[in-house]
Amino acid sequence: MDLSIVLQFFISGVNLGCIYAALGLGFFVVYSVTRVLNLAQGEFVMVGGMLTATFYSMGVPIILSALIAIAVAGLLGGILHCGVIHPARNLSKATQTFLTVGFAFAIEGIALLVWGWEYKSLPNFLSTPNIHFGGATIIGQTPWVTGITLLAVTGLFLFFGHTLQGKALRACADNPLGAKTIGISVDRMSLYVFILAGAFGGIAGAVITPLTMVSYNIGFPMTIKGLLAAFVGGITRAEGVILGGMVLGMAEAIAAGLMPSEYHSIFAMIILMAVFLCQPHGLLSSSGKT
Amino acid sequence: MRDYLSWMKDILAFTKEQMREIDSSSLLQLKNISVAFGKLTAVDGVSFTIRRGDITSIIGPNGAGKTTILKLICGLLPLSQGEIWFKQQRLDKIPPHHIASLGVTQVFQDIQLFSNMSILENVMVGCHVWTDSGFLNTGLKLPHAKAEENKIKEQAISKLSLVGLEQKAFMLPSHLSWSEQKLSGLARALAAEPDLLLLDEPYGGLMATEIAMLSRLILQLQQDGITILMVEQRTDEALEIANQVVILDSGEKVADASPTEIRSNAFIATNYLGGRVKGMSEVHHAASK
Amino acid sequence: MNKTVELRRTKAEYLILALVVVLFLSIPLFAGPYHLAIIMDIGIYAIITMGLILLMGQAGQLSLGQAVFFGLGAYSSAILTTQHHFAPWLALLLAIIITGSIAAGIGRAVLRLKGIIVSGVTLVLNLIFSYLVLSLINLTGGANGIVNIPHLSPVKLIPNSLFDYYFLWIVAFLLLAFSLNLVNSRTGRALRTMNILSGGGEETAQVLGINVMKYKVQVFTLGAVYASIAGSIYAHHLGSIEPDIFGAHLSLLVAIMAIVGGMASPWGAFLGAALLMGLTELLGKFASVVVSGPTGAYELIAYGIILMAVLRFLPQGLIPLFQKLPPQSRHSK
């Protein structure tokens, strides 16, 4: 096989993988601390993308548009926590999970009211032109996607590993009761993770809009793609989610390169479903933990 | 050649018959069982045999591995080593629901009644093992399912009246007192018509009068032919009704004898019986003094 | 004495059932085609939701994949009749077998997982199904779907839509009766023992001899079969199907219907379906006229708000409001 084709696969695989990982990490941060599956995660992505495109079309510079959109998505995460999850904190995790479905429907409806059925798109960030490298073509947005995702993930790891709040969050994730007894406010931590998840969704939305157009109803599909990444790798560990995203991206890129276009998504899906059914708790699962 | 084969068969049949006779008195055999959770060995090389029709009490300090042994018998935990035999069948390789169908039922320490069902329904669930109507049968209400449902209801009511709770049949578990909940749990287990009944701390949280009543009930069950294995912290009551006593400490078997023998052993009496039960570390400490 | 109370309650339930059946059979006498179509939609949704209620309300397994099995039923029926020229009723039965087998396989894999993870995984199934439908163009027609699916009615004595109406509602009520029988039986009790959402316990169930995994897979399969029947009727009734209908949104909508209606009883399916479809009609008709905006927006917002409100304030759904005594006090009497 031509080296340039391999390179092409690799680059688009990493690119797709970064997107999947960013989608999946939002689930990871919320699930690890609260044990709630936030099925409104995709709505943050939608809001991030739609807002970036809206502000940009109003003449705001693209980076600033993206930052505003990410902030709003984070705020929305906070609203989800304060308005919906926190009041129901004594109800079961299943109820809380379904509450996020309700929130997602409401957000989707509001988005439809505000933006209508219209699809929105963006140019590549800073209008980066396509790059030709070693016989492979790199779409101008690719470095942005990869770079920003890597930055966000590094930030997440630094935050979890080196800051007091991050350590408190990890303590909550490992042992909520224990964390409570040493004076960590689990409620506050869960607010932080929802904001974090919102911002993560916003980032994903902003960076993918130049690649795939967005509209009011991309929320649930994005939720599902993120869930897939999270489950393939194992939702209980961040490394697992990233690995899951990468595997997913690579599989999709290779399938796209080798098979007729109508089969590529399904090929990737089937491989991953197989992984996932043989290793039900994900590739990197802490044994038997659900 | 053929003669030789049939002769071998005869011998095998004979030995099988003999084995069965030897074993007929033993219902449950634990052979050198061990289980470890990570580095912690909860049960370490324990062996004992339970005879048909006996009441066997396992006593010992907290963390001795008593409850673990019950969970191992009914298949809720996998063995790390050893074998468990029940009526000539090996238990430690089969799933818990299958073990239950062979005639082993457990009443948990915390009962675990199903809070979404009435007491009657809880006891009716106990009849699951000896009934077989499935989705189609019950959904279409075929005669077989109808007949079974009647039998189930009859059995459940009779077991509830055995423990004196037929008046509370339609209540939810949360409306019952602790002792009533314990008795409901017992009725549910009895509805399964077990050969071997495992009781985890049956006296826990009961008052003196309730304890006496429960003891009478357990003795009556023994009369009815049910073999009972119980785990108990209250050594006096446990010894009083038992035919056999097994003492566990730190996962190891310390003694396996009749209650009289247990009582007459000075070392055991001071360290494991009466009042507070001491642990192995304290025993070692006392011995070294 | 208590026993008679219990019996009378179920008798009352069957009396209501009979009344409702008569009412539904007479509706076509006075309702126009438009309203008939809405009532049929309610029936379709109710059947799918009923399957979910058995799975979620009884066995406590959170599934968000009902649309997949609805779609499998619809596509099986459509493909068998248009490409292989099976009789529609035979296609419906074969669709049940196909969907049931697939569901049993999926259930065996997915139900090893616990709690809300199951809901996430079954949600993912929706995407896989839609990719499958879009990819296997030769079989499914891809994005164009399948047209010219024959009607169920074997001989044309009454109009097709009327036949479909009667067929659908008779099936719906038969399935309701089946579900009610199931709930009040050995099987229903076994399912409730593994409902960790409301007071079950898998260990206890196993110690009492219940094969938890087998029951989970069976009820998952049964729920899928309900959805498949609804799917077949839907496909034969409309005569054409498109992939868009069988997506995550439908799965979620069905879950909302189950939660809003109430998951403790199969009746909740009808209540939930009627309420949400009624609401959709109302909003579709008036909201876009009174306050302008794209159609669909207000429905989505309403679904979301109703779901959140019911979960917070009526965790048992609407069903308890229709029972004279709430279940708790009924038992304590």
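Trainee: In what order do the strands of the open six-stranded sheet in chain B run, and what sort of pairing do they have?

Mentor: A bit of bookkeeping first. Residues count from 1 along each chain as its sequence is written, while chains are lettered from A and ligands numbered from 1 in the order in which they are written. This is a predicted model, so local features need pLDDT of at least 70 and side-chain atom pairs count only at pLDDT 80 or more, whereas totals for chains, interfaces and linings use all residues.

Now your sheet: the order is β6-β7-β8-β3-β9-β10 in chain B, and the pairing is mixed. (Strands are DSSP E runs of at least two residues, helices H or I runs of at least four, numbered from the N terminus; two strands pair if DSSP finds at least two bridges between them.) At the edges stand β6 (104-107) and β10 (252-257) of chain B, each with a single partner strand, so one side of each has no neighbour in the sheet. Ignoring direction, neighbouring strands in this sheet are turned by 15 degrees against each other on average. If you want a pair to click on, B:Gln106 sits opposite B:Leu198 in β7(B).

Next, look at what packs on the sheet. Helix α2 of chain B, residues 66-73, touches β3 (55-59), β6, β7, β8 (227-231) and β9 (244-249) of chain B, and its direction makes about 150 degrees with that of β7(B). (Contact means C-beta atoms, placed from the backbone, within 7 Å; axes are lines fitted to C-alpha atoms, for helices over the stretch in contact, with angles from 0 to 180 degrees between N-to-C directions.)

Strand β1(B), residues 26-37, pairs with β2(B) over eight bridges in the antiparallel sense, and B:Leu30 has B:Phe48 in β2(B) as its bridge partner.

Zoom out to the domains of chain B. The assignment gives domain 1 (32-103 + 194-289) and domain 2 (114-184), with bounds from an automatic or database domain assignment. Their C-alpha centres lie 29 Å apart, and the contact takes seven residues from domain 1 and five from domain 2 of chain B. On the domain 1 side, α3 (96-102) and α8 (208-223) of chain B each supply at least two residues. That side of domain 1 of chain B divides into four nonpolar, two polar and one charged. (Ala, Val, Leu, Ile, Met, Phe, Trp, Tyr, Cys and Pro count as nonpolar, Asp, Glu, Lys and Arg as charged, and the others, Gly among them, as polar.)

Chain B brings 39 residues to its contact with chain C, and chain C brings 30. On the chain B side, the elements giving two or more residues are α3, β6, α4 (119-126), α5 (135-139) and α6 (143-162) of chain B. The residues of that side are 19 nonpolar, 16 polar and four charged.

Chain C also meets chain A. Of the two pairs of chains that touch, A and C have the most contacts, with 41 residues from chain C and 39 from chain A. On the chain C side, α5 (116-135), α11 (248-261) and α13 (297-313) each supply at least two residues, and the largest share, 14 residues, comes from α5(C). This chain C side has 29 nonpolar, nine polar and three charged residues. Chains A and B share no contact, and their closest C-alpha atoms lie 12 Å apart.

As for confidence, the model scores ipTM 0.89 and pTM 0.90.
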